[in-house]
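Hi,

Here is the model I promised to pass on. Have a look at it first, and then read my notes below.

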Amino acid sequence: MRSSLISVRSAEPDLVRPPLLLLPGMVCNHRSWASQIENLADLVVPRVVDYQQDQSLEAMAKRVLSTTSQNFYMAGHSMGARVALEVARQAPDRILGMCLIATEHRASPSGYQGNQEQAGRLALLDTAKRFGMWRMAQDWLPMLVPPERQEDAALASEIMTMIAEHTPQQLAAHIQAGANRPDTSDLLPTLHIPTLLVAGANDRIRPPQALKDMADLLPNCALEVIQDCGHMPTMEHADAVNKSMRVWLRTPRRAQGH
């Protein structure tokens with residue numbers, strides 16, 4: 001794994017805090033970033049991006065870029081991390097640092113695996129249309145967090161409430177965007193910005209190996225695998241994510257001389 005250690009520098013309170021654009025995953029929103037918004041605000045100005053009705057990663061990335069004229073940090077979770085990679089494709093020089101959580105970099109799989117993935121997501125969409133987003137959230141929860149974390153009533157309620165704040169139309173748009181995700185294997189080696197990868201050790205949707213494969217391609221990255229964690233690290237183990245992100249946010253922009 002070609003993964004460099006992220007160095008730490010002291011905070012510089014005399015400088016204007018740069019934006020930290022927070023890119024939610026499928027049918028996620030500000031709730032998935034609540035702890036980061038609260039705990040990183042001394043270093044950056046956190047802003048959660050709303051994709052509205054965008055149906056492609058390209059359109060979502062353009063929306064991200066339209067939210068600020070400044071250079072920025074960005075952190076993306078799951079689908080949001082795929083949006084972040086599209087942002088990096090479109091405007092790499094504007095990015096101060098990138099954090100990718102519970103994601104992968106390859107295209108939507110073909111054949112049986114791809115059909116199974118799409119069938120599962122369309123089944124969720126059918127449930128959302130027939131019975132509502134809350135029921136869909138209940139059905140999806142076992143894939144999002146490990147069984148022992150489902151017993152955390154507050155966590156489960158917050159995740160399902162967040163999902164239920166979306167419409168079936170938004171879910172359909174996110175499914176379409178994900179189904180058309182490109183392979184970014186050629187892009188990753190060109191990105192020399194400090195990058196933090198975060199994986200949940202028990203993530204059933206994007207297992208840690210997917211992030212390890214990304215780390216092998218990124219020239220300036222650190223990988224954190226959080227134990228006893230599923231697909232929602234920012235909510236399941238917020239303190240661990242915040243700690244890693246604070247180190248990442250203090251990383252020099254050109255850590256490897258690029």
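Strands β3 and β4 (residues 95-101) pair in parallel over six bridges, where pairing takes at least two DSSP bridges between two strands. Within that pairing, methionine 74 sits opposite methionine 98 of β4. To get from β3 to β4 the chain passes through helix α3 (residues 79-90), in a right-handed β-α-β crossover. Right-handed here means that, with the strands pointing away from you, the path from the first strand over the helix to the second runs clockwise. Helices (H or I, at least four residues) and strands (E, at least two) are DSSP runs, numbered from the N terminus.

Before I go on, the ground rules: this is a predicted model, so local features need pLDDT of at least 70 and side-chain atom pairs count only at pLDDT 80 or more, while totals for chains, interfaces and linings use all residues. Residues are numbered from 1 along each chain as its sequence is written, and side-chain values use heavy atoms, with hydrogens and water left out.

Back to β3. Strand β1 (residues 19-23) is also parallel to β3, joined to it by four bridges, and leucine 23 faces glycine 76 of β3 across that pairing. How many of the six residues of β3 (residues 72-77) are buried? Six of the six are, so the strand is largely enclosed by the rest of the structure. Buried means under 20% relative accessible area, exposed over 50% and partly exposed in between (1.4 Å probe, protein chains only). Cover comes on both faces: Phe72, Met74 and Gly76 are buried on one side, and Tyr73, Ala75 and His77 on the other.

Zooming out, the strands form an open six-stranded sheet in the order β2-β1-β3-β4-β5-β6, with parallel pairing. β2 (45-48) and β6 are at the edges with a single partner strand each, so one side of each has no neighbour in the sheet. From one strand to the next the twist averages 15 degrees.

At the β6 end, β5 (195-200) and β6 (residues 221-226) run parallel and are joined by six bridges, with alanine 199 partnered by valine 225 in β6. Together β5, α9 (208-217) and β6 make up a right-handed β-α-β unit. Helix α9 lies across β4, β5 and β6, at about 160 degrees to β5. Axes are lines fitted to C-alpha atoms (for helices over the stretch in contact), and angles run from 0 to 180 degrees between N-to-C directions.

The loop between β5 and α9 holds aspartate 203, which I'd look at on screen. Aspartate 203 is buried but has no salt bridge, and the nearest side chain of opposite charge, arginine 206, is 7.2 Å away. For charge, Lys and Arg count as positive and Asp and Glu as negative; His and the chain ends are not counted. Leaving aside residues up to four places away in sequence, aspartate 203 touches Ala102, Cys229, Gly230 and His231, contact being heavy atoms within 4.5 Å.

Now the salt bridges. Counting a side-chain nitrogen of Lys or Arg within 4 Å of a carboxyl oxygen of Asp or Glu, the total comes to 13. These are the ones I'd point out:

- Arginine 31 and glutamate 158 meet at 3.0 Å, N to O. Arginine 31 is in the loop between β1 and α1 (34-39) and glutamate 158 in helix α7 (residues 153-164), so the pair ties together parts 127 residues apart in sequence. Both ends are partly exposed, arginine 31 at 22% and glutamate 158 at 29%.
- Glutamate 86 and arginine 89 meet at 3.4 Å, N to O. Both are in helix α3, three residues apart, about one turn of the helix. Glutamate 86 is buried at 9%, whereas arginine 89 is partly exposed at 40%.
- Arginine 181 and glutamate 104 have their closest N and O atoms 3.2 Å apart. Arginine 181 is in the loop between α8 (168-179) and β5, and glutamate 104 in the loop between β4 and α4 (111-131), 77 residues apart. Both residues are buried. Through shared partners, salt bridges join Arg82, Glu104, Glu117, Arg181 and Arg206 into one network.

Cheers
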